[in-house]
Amino acid sequence: MKTTIAHLKRGEKGIIKDIPIDIVPVKLFEMGCLPGNEVELLQVAPFKDPLYLNINGSFFSIRRETALLIEIEKLNETRAL
């Protein structure tokens, strides 16, 4: 099972490993959502959608269905919330 951004818990971080270029909106790439960049889950809206993220200093929210497409490698570092 692959780990995606949607599998992060609040405050957890990961490194983006793979993004399906033909499915994910281009604006995410323009905002820094690229393989090798660090992603942190900051907030989850009620009903678990959308997700509020920090990716390399850019703050934005994405839909859960898009987050499920972006594969990451979880980092062990977490901060207490």
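## Close-up views of a predicted chain

View 1. Met 1 is exposed, with a relative accessible area of 91%. This is a predicted model, and Met 1 sits in the segment before β1, a strand that covers residues 12-18. How far apart in space are Met 1 and Val 24? Going from C-alpha to C-alpha, the gap is 20 Å, and along the sequence the two residues are 23 residues apart.

**View 2. Now step back and take in the whole chain.** Count the elements and you get two helices and five strands. Follow them along the sequence and the pattern reads β-α-β-β-β-α-β. With a radius of gyration of 11 Å, close to the 12 Å that the globule rule gives for 81 residues, the chain is as compact as a globular protein of that length. Its C-alpha atoms fill a box of roughly 35 × 30 × 25 Å along the principal axes. Of the 81 residues, 38% count as buried. Take the contacts with a separation of 6 or more: 59% of them are between residues 24 or more positions apart.

**View 3. This one is about the surface and the charges.** The chain exposes about 5100 Å², and carbon and sulfur atoms supply 52% of that area. There are 11 positive and 11 negative charges, and their mean positions are 7 Å apart.

**View 4. Let's look inside, at the largest nonpolar core.** In soluble globular proteins, nonpolar side chains tend to be buried together. Here, the largest nonpolar core has 19 residues. Which residues have the most contacts inside it? They are Ile 5, Ile 16, Cys 33, Val 39, Leu 53 and Ile 70. At least two residues of this core come from each of α1 (26-30), β2 (38-44), β3 (51-55) and β4 (58-62). The largest share, three residues, comes from β3.

**View 5. Zoom in on Leu 53 and its contacts.** Leu 53 is one of the residues with the most contacts inside the largest nonpolar core. Set aside its neighbours within four places in sequence, and Leu 53 is in contact with Ile 5, Val 39, Glu 40, Leu 41, Leu 42, Ser 58, Phe 59, Phe 60 and Ile 62.

**View 6. Two loops are on show here, with some backbone details to spot.** Start in the loop between β2 and β3, where you'll find Lys 48. Phi of Lys 48 is near 60 degrees, a positive value in a residue other than glycine. Is Lys 48 buried or exposed? Lys 48 counts as exposed, because its relative accessibility is 55% and the cut-off for exposed is over 50%. Pro 50 has its place in the loop between β2 and β3 too. The peptide bond that leads from Asp 49 to Pro 50 is cis, with omega near 0 degrees. Now hop over to the loop between β3 and β4 and look for Asn 56. Phi of Asn 56 is near 50 degrees, a positive value in a residue that isn't glycine.

View 7. Look for Leu 34 in the loop between α1 and β2. Leu 34 is partly exposed, with a relative accessible area of 35%. Which residues is Leu 34 in contact with, leaving aside its neighbours within four places in sequence? Those partners are Ile 16, Ile 19 and Phe 29. Asn 56 turns up again here: the C-alpha atoms of Leu 34 and Asn 56 are separated by 9.6 Å, and the two are 22 residues apart along the chain.

**View 8. Next up is Thr 66.** Helix α2 spans residues 64-67, and Thr 66 lies in it. Why does Thr 66 count as buried? Its relative accessible area is 13%, and buried means under 20%. Not counting residues up to four places away in sequence, Thr 66 touches Val 24, Pro 25 and Leu 28.

**View 9. We finish with Glu 73.** Glu 73 is part of strand β5, which runs over residues 71-78. With 49% relative accessibility, Glu 73 counts as partly exposed. Apart from its neighbours within four places in sequence, Glu 73 is in contact with Gly 14, Ile 15 and Lys 17. How far is the C-alpha atom of Glu 73 from that of Ala 6? The two C-alpha atoms are separated by 12 Å, while the residues are 67 residues apart along the chain.

Definitions and conventions:
Residues are numbered from 1 along each chain as its sequence is written. This is a predicted model: local features need pLDDT of at least 70, side-chain atom pairs count only at pLDDT 80 or more; totals for chains, interfaces and linings use all residues. Side-chain values use heavy atoms; hydrogens and water are left out. Helices (H or I, at least four residues) and strands (E, at least two) are DSSP runs, numbered from the N terminus. The radius of gyration is taken over C-alpha atoms; the globule rule is 2.2 Å times the number of residues to the power 0.38. Buried means under 20% relative accessible area, exposed over 50%, partly exposed in between (1.4 Å probe, protein chains only). Contact means heavy atoms within 4.5 Å. Accessible areas come from the Shrake-Rupley method with a 1.4 Å probe; for residues, only the protein chains shown count as cover. Lys and Arg count as positive and Asp and Glu as negative; His and the chain ends are not counted. The place of a charge is taken as NZ of Lys, CZ of Arg, CG of Asp or CD of Glu. A nonpolar core is a set of buried Ala, Val, Leu, Ile, Met, Phe, Trp, Tyr and Cys residues joined through side-chain atoms within 4.5 Å.
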